2 protein chains.
Amino acid sequence: MPRSGAGARRRLQQAALELYRERGFDRTTTAEIAARAGVNERTFFRHFPDKREVLFDGEADLRAALMQEVADAPDGLQPLDVLLHAFRKAGRVLEENRPFSEPRLELIAKTPALRERDAAKGAYLSEALAEALRRRDVSDQLAGLAAHTGWATFHHAAQAWIDDPAQSLDAHLLQAFDDLRILFATVPATRARSES
Amino acid sequence: MPRSGAGARRRLQQAALELYRERGFDRTTTAEIAARAGVNERTFFRHFPDKREVLFDGEADLRAALMQEVADAPDGLQPLDVLLHAFRKAGRVLEENRPFSEPRLELIAKTPALRERDAAKGAYLSEALAEALRRRDVSDQLAGLAAHTGWATFHHAAQAWIDDPAQSLDAHLLQAFDDLRILFATVPATRARSES
DNA sequence: CTACTTAGCGCCAGTGACTGACATTCAGGG
DNA sequence: CCCTGAATGTCAGTCACTGGCGCTAAGTAG
């Protein structure tokens with residue numbers, strides 16, 4: 001291999017995250033990112049298909065990890081418990097990479113174009129999770145539904161974690177899945193919470 | 001007002017839907033859409049902020065309608081039943097406009113760029129629904145969670161309707177919300193379904 | 001009927017994301 | 001020391017999208 005190889009890729013991601021946070025996503029050009037990373041603008045597009053994708057590089061790994069965890073989850077669990085099991089393991093990666101994942105999620109939350117990409121990634125991941133569930137004993141109908149609602153719950157927990165970093169992501173995750181069950185309680189549980 | 005006003009807008013939407021279906025979204029230029037609609041390319045961007053948005057015009061109306069239905073839903077319903085109530089009413093609009101909404105959803109499903117926008121619209125709508133729920137007796141935590149999972153279920157039902165138009169959207173909707181409850185049954189209900 | 005206002009529109013120049021084609025450079029194998 | 005290939009640089013080009021300016025036609029007041 002010539003000069004750097006994977007080094008340029010990491011520098012591009014770092015430069016992009018910095019510039020997006022400094023000037024905002026819209027007021028940052030791909031030429032500026034490349035310049036800060038010390039490479040040509042064309043090289044940027046050799047590593048990433050577009051200006052947004054540079055912040056979503058770990059998605060393939062995350063998807064693979066989640067699908068593996070779904071496959072490896074103990075038998076006899078309900079679909080949503082299988083997903084919770086997988087999310088808790090994946091959540092660890094997010095918490096360990098906190099200095100990178102927190103500013104990243106914060107930036108995404110405040111940038112419409114990045115929220116859009118994030119939502120799309122969530123949809124793709126949901127379908128992957130549905131496929132992973134189908135490879136277990138989950139029917140076609142329930143797999144898709146469980147995957148989408150499960151992902152929505154995970155995303156909800158991740159957002160709660162950003163808004164309230166005092167508690168761990170894992171705690172927010174457990175809280176969200178507990179709340180999910182409250183939604184299906186026979187007696188409207190919302191009264192009890194709002195009466196306080 | 002001059003010449004046409006809202007007429008040009010409708011022609012642009014129609015032309016865009018046609019061209020996207022004929023040549024595909026990527027191989028259609030905004031200039032071509034404008035030409036078929038009989039206006040200048042600049043006029044396209046006066047009516048729609050970008051090339052994708054031309055297919056998502058009804059979103060504001062849908063959001064307003066859904067929020068209104070949530071507000072008007074009978075008292076004492078659980079959050080997810082409130083949402084189901086709203087979705088059933090909104091679903092009627094989709095079924096009545098079937099000749100427009102069906103090819104549109106089909107096109108969106110097969111075009112990555114449009115799926116991305118669709119996912120983003122869903123996220124925005126979910127937040128609007130959460131806000132509408134908070135204006136009822138639903139707590140902050142549960143509102144967001146219910147809105148996101150409820151929307152995921154609605155989206156799931158809409159996709160099932162496209163894949164299987166034999167049954168009505170309303171039927172798919174009821175089916176999806178029933179399945180959602182199965183996911184929380186104490187005994188894993190997935191076995192019963194996959195045994196058949 | 002005329003003058004004035006204004007909302008849409010056409011036209012033009014420009015920026016920036018992204019792509020294809022070709023030349024170049026540097027690492028490692030023979 | 002040459003040679004092959006992967007990563008990069010360079011250049012030209014397309015297309016989405018924007019700001020500015022002038023035009024035209026529909027309503028409105030007199």
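This is a predicted model: local features need pLDDT of at least 70, side-chain atom pairs count only at pLDDT 80 or more; totals for chains, interfaces and linings use all residues.
Residues are numbered from 1 along each chain as its sequence is written, chains are lettered from A and ligands numbered from 1 in the order written, and side-chain values use heavy atoms, with hydrogens and water left out.

Helix H5 of chain B covers residues 79-96 (helices being DSSP runs of H or I, at least four residues, numbered from the N terminus). Its 18 residues reach 26 Å from first C-alpha to last, close to the 26 Å expected at 1.5 Å a residue (that is, 1.5 Å times one less than the number of residues).

Then there is B:Arg52, sitting in the loop between helix H3 (41-47) and helix H4 (59-72) of chain B. B:Arg52 counts as buried because its relative accessibility is 16%. Leaving aside residues up to four places away in sequence, B:Arg52 touches residues of chain A, A:Arg52 and A:Glu116, along with B:Phe25, B:Ala113, B:Leu114, B:Glu116 and B:Arg117 (contact: heavy atoms within 4.5 Å). With A:Glu116, the B:Arg52 side chain makes a side-chain polar contact at 3.1 Å (a pair of N or O atoms within 3.5 Å, one able to donate a hydrogen and the other to accept it; residues adjacent in sequence count only if both atoms are side-chain atoms).

As for the two chains, 100% of the interface residues of chain A are also interface residues in chain B, so the copies meet through the same surface.

Conventions: Helices (H or I, at least four residues) and strands (E, at least two) are DSSP runs, numbered from the N terminus. Buried means under 20% relative accessible area, exposed over 50%, partly exposed in between (1.4 Å probe, protein chains only).
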